[in-house]
Amino acid sequence: MKNHIRTFINRDWNEVSQIYQQGLDTNFATFQTSCPTYAQWDTSHLDFCRYVYEQNSKVIGWVALTPVSSRCVYAGVAEVSIYIANEAKGKGIGTQLLQQTIVSSEENGIWTLQSNILQDNLASIALHKKCGFREVGYREKIAQDKFGIWRNTILMERRSNR
């Protein structure tokens, strides 16, 4: 069994989008209601810190960063998106991907990583805490989910030690 983290390449999109759709289906991962096209996803994410976790030539997890603002003063702040395939959850893959992202983001001038996590997504909150993120805010009824229910999020951040 060959397991490793590698840089995301555009031909990974089919598997990445399937994992993203699994997250959409849980109603715990995002307020998005549909999976974007590759072009939409590509333009909204930074072109560095895009990784997949591959097991036996199959992508089973991914992570990427989104800029939090187009203003230059926030160039070192990025939001984490991390998704693990249903069959691969609870095996430490998220931890490995997030740790790789932390190292790479610091090498690329990112001083703050943040995540807005749905309050009910306890596994994601635990993963972020395990990787050095701390809770810095709570957003009550910030947006409606795909069923029209107002949901709360937890804002977590990790400041670089560099």
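A cavity is a set of grid points where a 1.4 Å probe fits but cannot get out, and its lining residues have an atom within 4 Å of a point. In this predicted model, one cavity of 30 Å³ or more is present. The largest pocket holds about 1,100 Å³ of space, and a nonpolar patch on the surface includes V73.

**Largest cavity**
- The volume of the largest cavity is about 30 Å³.
- Its lining consists of I102, S105, E106, I110, W111, T112, L113, R158 and S160.
- By type, the lining of the largest cavity has four nonpolar, three polar and two charged residues.
- At least two lining residues come from each of α3 and β5; α3 gives the largest share, with three residues.

**Largest pocket**
- With about 1,100 Å³ of space in the largest pocket, 47 residues line it, and A29, I82, Y83, N121 and S124 are the closest to its centre.
- Two or more lining residues come from each of α1 (13-26), α2 (38-44), β3, β4, α3 (93-107), β5 (112-118), α4 (122-130) and β6 (134-144).
- The lining of the largest pocket is made up of 20 nonpolar, 21 polar and six charged residues.

**Nonpolar surface patch**
- V68, V73 and Y74 make up this patch, and their accessible area together is about 240 Å².
- V73 is in the loop that runs between β3 (58-67) and β4 (77-84).
- V73 counts as partly exposed because its relative accessibility is 48%, which falls between the cut-offs of 20% for buried and 50% for exposed.

Key. Residues numbered from 1 in each chain as written. Predicted model: local features only at pLDDT ≥ 70, side-chain atom pairs only at ≥ 80, totals over all residues. Heavy atoms only, no water. Patch = residues over 30% accessible without salt bridge, like charges linked within 9 Å, V, L, I, M, F, W, Y side chains within 5 Å. Areas by Shrake-Rupley, 256 points an atom, 1.4 Å probe, with all protein chains shown as cover. Salt bridge = Lys/Arg side-chain N within 4 Å of Asp/Glu carboxyl O. Helix = DSSP H or I, 4+ residues; strand = E, 2+ residues; numbered from the N terminus. Buried < 20%, exposed > 50% of the residue type's maximum accessible area, 1.4 Å probe, protein only. 1 Å grid on protein atoms, 1.4 Å probe; cavity = no way out; pocket = protein on both sides within 12 Å on 5 of 7 lines; lining within 4 Å. Points joined across faces, edges and corners; volume = space filled by probe spheres on them. Nonpolar A, V, L, I, M, F, W, Y, C, P; charged D, E, K, R; others polar.
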